[in-house]
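Could you walk me through this structure in my viewer, one selection at a time? I would like to know what to pick next and what is there.

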Amino acid sequence: MIKEQILALLEERKFKELKELLETVHPVDIVEVLEDITKKQMILIFRLLAKEEAADVFTDMNSDMREYLINTLTDSELEEVMDEMYVDDTVDVLEEMPANVVDRLLMVTDEDTRKKINVLLQYPEDSAGSIMNIDYVSLRKEMTVEEAILKIRQVGINKETIYTCYVTEKKRLIGVVDVKDLLTAGEARLIEEIMDENVLCAKTLDDQEEVASSIRKYGLVAMPIIDHENCLVGIVTVDDAMYVLQDETTEDISIMAGVRPNEDSYFGTSVFRHAKNRTLWLLLLMLSATVTGEILRHYEEAMSVMPVLITFIPMLMGTSGNCGSQSSTMVIRGLAVGEIEFRDFFRVIFKEIRVACVVGLLLAAVNGVRIYLMYDQDVMLAVALGVTMIAVIVMAKCIGCTLPLLAKKIGVDPAIMAAPLISTIMDTCTILMYFTIITVFFHL
């Protein structure tokens with residue numbers, strides 16, 4: 001509905017009405033509209049936005065849209081947008097842009113902002129320092145509540161959040177105080193009396209995913225960031241934490257699917273780039289499957305004696321791969337949200353073995369009845385396949401749960417140990433398990 005109204009007013013050239021309508025639309029919804037229209041229409045709509053709204057819309061755009069706007073807008077228009085953006089959002093934009101575009105953006109920013117940007121750009125890409133905002137409300141412990149509220153009124157308009165204020169002494173963080181506490185306390189009370197000295201904070205070089213997880217875990221609006229001297233240098237707000245968690249989840253999903261992570265959108269990535277991101281994993285998995293082929297060749301004699309053995313291979317390989325993927329997915333999810341740690345190694349294995357026994361007995365019983373009815377009431381074959389089924393599922397569950405834990409321990413992303421890799425490993429192990437049990441049962 002919003003898109004249709006915007007396009008209708010744009011076509012009728014009712015720019016005054018369109019500008020009034022845009023003031024009532026959320027910046028995220030405006031971005032969604034801009035993604036589906038022509039570049040000429042995008043420029044017209046963007047120029048109708050108020051300065052603050054234009055900055056919010058620019059922040060939410062993808063990199064291609066931003067680059068086009070930067071190359072199209074005048075220096076004065078760009079300067080207005082940059083002045084309204086928070087420094088951490090500006091840094092995020094600069095990190096995605098080509099060098100020539102970065103130079104132009106820096107040219108239209110004032111000297112003070114450039115210094116702040118340069119400070120943030122010095123931190124490693126995945127660190128808390130790289131995503132923090134250096135605009136926050138700082139109070140002194142000897143201030144009264146009245147003085148603190150007055151300061152918030154004076155400087156709050158330029159801060160990303162004022163809901164939590166930070167009490168510092170010689171730049172060292174000594175406490176926090178919420179605006180709620182300020183508004184409900186007597187005006188003559190000192191900040192020292194109402195501040196909370198038990199402060200949750202992170203350091204500039206801490207991993208940004210860990211900081212984001214802490215914000216989610218403790219329900220914080222922002223997390224203060226300190227340097228190696230315990231001086232307050234910035235804050236990571238909850239909106240930035242959400243973006244970090246989203247990016248990390250996207251990366252994990254890509255890795256779990258056997259695809260190289262890509263920061264661009266699905267439609268914004270070329271066919272060649274998609275193919276390039278997927279081919280490496282497929283090549284590795286294809287070549288690793290050679291081991292399975294060699295094992296099958298080793299048991300050619302057994303299969304020639306009992307050709308029926310071949311018919312059960314796809315079922316066993318599929319079941320083991322699915323069981324291993326289920327366990328690895330659950331463990332990877334547990335590691336991601338902090339439910340599982342490496343110290344839980346044996347607890348996880350014990351739990352998965354119990355799950356595997358229940359699942360294995362159920363599947364073995366159903367499969368045994370099927371084989372007995374379909375293959376001339378061959379009890380020995382049904383029992384052999386039943387035992388194999390249980391053994392394969394227990395093995396798959398154990399491997400599926402241990403590999404992500406081991407990967408985490410050695411510093412490798414646990415998401416690597418997901419469906420594609422687990423399935424390939426399980427194919428090889430299943431064939432070995434299957435023919436080992438069959439040769440024992442039938443003395444092949």
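Start by selecting Leu373, which you will find in helix 21. This is a predicted model, so please read each stop on the tour with that in mind. Color Leu373 by accessibility: its relative value is 63%, and because exposed means over 50%, Leu373 counts as exposed.

Select Val369, Tyr372, Leu373, Met374, Val379, Val383 and Val387, which form a nonpolar patch on the surface. Together these residues have about 630 Å² of accessible area. Which helices supply at least two residues each of this patch? They are helix 21 and helix 22, the latter spanning 379-409. Helix 21 gives the most, with four residues.

Now stay with helix 21, residues 345-374, and turn to the second largest pocket, where this helix also supplies part of the lining. The space in that pocket comes to about 380 Å³. To centre your view, select Ile340, Arg347, Val348, Lys351 and Glu352, the closest to the pocket centre among the 17 lining residues.

Then show helix 20, residues 313-337, alongside helix 21: each supplies at least two residues of the lining. Which helix has the largest share? That is helix 21, with seven residues.

Methods. Residues numbered from 1 in each chain as written. Predicted model: local features only at pLDDT ≥ 70, side-chain atom pairs only at ≥ 80, totals over all residues. Heavy atoms only, no water. 1 Å grid on protein atoms, 1.4 Å probe; cavity = no way out; pocket = protein on both sides within 12 Å on 5 of 7 lines; lining within 4 Å. Points joined across faces, edges and corners; volume = space filled by probe spheres on them. Patch = residues over 30% accessible without salt bridge, like charges linked within 9 Å, V, L, I, M, F, W, Y side chains within 5 Å. Areas by Shrake-Rupley, 256 points an atom, 1.4 Å probe, with all protein chains shown as cover. Salt bridge = Lys/Arg side-chain N within 4 Å of Asp/Glu carboxyl O. Buried < 20%, exposed > 50% of the residue type's maximum accessible area, 1.4 Å probe, protein only.
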